[in-house]
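Biologist: I'd like to learn how to read a model like this one. Could you take me through a few features, one at a time?

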Amino acid sequence: MESQTIVEALLLGLLEGLTEFIPVSSTGHILLAGHFLGFHSTGKAFEILIQLGAILAILSVYFSKLWQMLIKLPSDRQTRHFVIGILIAFLPAAVIGALAHDFIKTILFESPRLICIMLIIGGVVLLVVDRINFKPVHHDVEQFPTSLYLKIGLFQCLSLIPGTSRSGSTIVGALLMGVDKRAAAEFSFFLAMPTMVGAFAFDLFKNRNVLTSADLPIIAVGFIAAFVTALFVVRFLLDYVSRNGYALFGWWRLVVGAVGLVALMVWG
């Protein structure tokens with residue numbers, strides 16, 4: 001049974017890394033896969049804690065840029081503007097997520113049918129938005145107006161519903177407000193850093209009394225698998241969406257959501 005659980009953790013970790021930074025809802029995919037695999041984690045902590053692997057992947061890819069930002073932060077006005085903008089975008093979901101944590105983990109995370117429905121709705125939205133011929137006016141993530149950072153942060157709050165997608169909600173919100181496709185994806189990367197680190201720390205704190213040493217190997221396997229696959233995705237995603245847009249991910253969501261609903265009707 002232990003080896004089976006390790007294999008399931010490996011599969012779920014690979015799935016986390018593959019889907020975290022594309023607009024298809026990594027949490028939705030992991031919860032659905034875990035439901036059909038019969039995978040159960042203590043306090044649903046595994047699904048959140050392995051996200052740190054994906055975060056380390058993006059930190060490694062952007063390490064040079066982040067280091068330069070840190071050096072310039074005291075003296076460069078544009079760098080300070082960008083860092084403050086990220087924090088402003090981070091706060092709405094952080095506050096609502098903390099207040100609604102128990103409801104999200106005990107009710108929404110336990111609703112695979114809701115996840116499938118949100119995958120389908122999000123897929124339709126993504127396909128519609130991708131077909132609109134926007135006239136982008138924002139191309140540099142470091143020069144967004146402060147109000148735009150806040151609006152994108154409000155869109156991120158939608159991702160508290162599993163199946164919606166954190167990256168999907170921020171990307172769609174950015175596109176609707178005149179950000180070009182590459183910059184929308186790149187800002188989603190940067191916003192993921194404080195958001196996912198915050199979710200990791202808060203969930204670890206909330207589950208500090210129920211997690212045991214037996215949970216560590218499973219979380220470690222998922223963590224490493226998420227890191228490796230996320231590293232690959234982050235390196236190639238920006239170039240892909242710049243050339244091809246987001247239609248592929250819209251269809252992806254529709255297929256997974258529809259298959260999930262059928263599977264729930266057949267197997268429960």
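Biologist: Is H138 buried or exposed?

Modeller: Buried means under 20% relative accessible area, exposed over 50%, and partly exposed in between, using a 1.4 Å probe and protein chains only. H138 comes out at 17%, so H138 is buried. Keep in mind that this is a predicted model, where local features need pLDDT of at least 70, side-chain atom pairs count only at pLDDT 80 or more, and totals for chains, interfaces and linings use all residues. Residues are numbered from 1 along each chain as its sequence is written, and side-chain values use heavy atoms, leaving out hydrogens and water.

Biologist: Where is H138 found, and which residues does H138 touch?

Modeller: Helices are DSSP runs of H or I, at least four residues, numbered from the N terminus. H138 sits in the loop between α8 (112-131) and α9 (146-156). Contact means heavy atoms within 4.5 Å. Leaving aside residues up to four places away in sequence, H138 touches F144, P145, L148, M177, G178, V179, D180 and A183.

Biologist: Which residues in α6 and α9 meet?

Modeller: Among them, F82, G85 and I88 in α6 meet residues of α9 that include Y149, L150 and G153.

Conventions: Helices (H or I, at least four residues) and strands (E, at least two) are DSSP runs, numbered from the N terminus.
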